[in-house]
Amino acid sequence: MGQMQAFGEPEFFSTSQIRDYCGNARAVLKPMHHELLVSAEELQAALRYVKSVDPKFFGADSIVRARLVARHVHNAADGLLVAQTSMIKAYLSFRKHYVVELDQAKEKAKAKGRAFKFDA
């Protein structure tokens with residue numbers, strides 16, 4: 001059975017592959033984060049109007065219980081936000097920690113120059 005890879009093939013043999021993988025991961029996680037935030041708000045709104053079984057709180061317990069339940073979905077959304085941020089930080093950390101190698105690669109590319117083609 002084939003495995004689904006939502007972020008793309010994890011091949012890390014070039015700077016662009018690392019950048020693309022981190023960017024793809026963020027692009028996939030971003031709409032999921034938004035969906036969970038909206039779902040948390042909808043869940044809280046729906047549960048808020050469930051009739052209270054204890055009349056002495058005048059319905060305030062329904063509001064609190066709704067918030068407590070929806071908070072778990074909101075925490076899941078926060079987790080996705082952390083995941084998005086971490087993917088971007090991973091690429092930026094790569095750029096920071098491999099700056100010497102990246103500069104050497106740029107210098108080599110400049111030194112080579114562009115080859116002149118002599119075809120008639």
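I shall go through the overall layout, the helices, the core and the salt bridges in turn.

Please bear in mind that this is a predicted model, in which local features need pLDDT of at least 70 and side-chain atom pairs count only at pLDDT 80 or more, while totals for chains, interfaces and linings use all residues. Residues are numbered from 1 along each chain as its sequence is written, and side-chain values use heavy atoms, with hydrogens and water left out.

Let me begin with the layout. The chain contains 3 helices and 0 strands, where helices (H or I, at least four residues) and strands (E, at least two) are DSSP runs numbered from the N terminus. Along the sequence, the pattern therefore reads α-α-α. Of the 120 residues in the chain, 17% are buried; buried means under 20% relative accessible area, exposed means over 50%, and partly exposed lies in between, with a 1.4 Å probe and protein chains only. The accessible surface of the chain is about 9,700 Å², and carbon and sulfur atoms hold 61% of that surface. These areas come from the Shrake-Rupley method with a 1.4 Å probe, and for residues only the protein chains shown count as cover. As for contacts, meaning heavy atoms within 4.5 Å, residues 24 or more positions apart account for 54% of those in the chain with a separation of 6 or more.

I turn now to the individual helices. Helix α1 has 34 residues, and the distance from its first C-alpha to its last is 49 Å, close to the 50 Å expected at 1.5 Å a residue. The expected span is 1.5 Å times one less than the number of residues in the helix. The buried residues of α1 are I18, Y21, C22, A25, L29, H33, A40 and Q44. What covers them includes α2.

Is Q44 buried or exposed? Q44 counts as buried because its relative accessibility is 19%. Apart from neighbours within four places in sequence, Q44 is in contact with A66, R67 and A70.

Helix α2 has 38 residues, which should span 56 Å at 1.5 Å a residue; its end C-alpha atoms are 53 Å apart, which agrees. Where is the kink in α2 centred? The kink, of about 30 degrees, is centred on R71; the bend at a residue is the angle between axes fitted to the seven residues ending there and the seven starting there.

The buried residues of α2 include D61, S62, A66, A70, A77 and L80, together with Q84, M87, Y91 and F94. Their cover includes α1 and α3, the latter running over 99-112. Q84 belongs to helix α2 and counts as buried because its relative accessibility is 5%. Leaving out residues up to four places away in sequence, Q84 touches R26, L29, K30 and H33.

A60 also lies in α2, but it is partly exposed, with a relative accessible area of 39%. Its C-alpha atom is separated by 8.9 Å from that of R48, a residue 12 positions away along the chain.

Next comes the core. The largest nonpolar core has 8 residues in all: I18, Y21, C22, A25, M87, Y91, F94 and L102. A nonpolar core is a set of buried Ala, Val, Leu, Ile, Met, Phe, Trp, Tyr and Cys residues joined through side-chain atoms within 4.5 Å. Two or more residues of this core come from each of α1 (15-48) and α2 (60-97), and the largest share, 4 residues, comes from α1.

Finally, I come to the charged pairs. Side chains of opposite charge can pair when their charged atoms come close. How many salt bridges does the structure hold? There are 2 salt bridges, each being a side-chain nitrogen of Lys or Arg within 4 Å of a carboxyl oxygen of Asp or Glu.

One joins D20 to R19, with the closest N and O atoms 3.4 Å apart. D20 is partly exposed at 38% relative accessible area, and R19 is partly exposed at 41%. The other joins D78 to R71, with 3.7 Å between the closest N and O atoms. D78 is partly exposed at 26% relative accessibility, as is R71 at 41%. R71 is also the residue on which the kink in α2 is centred.
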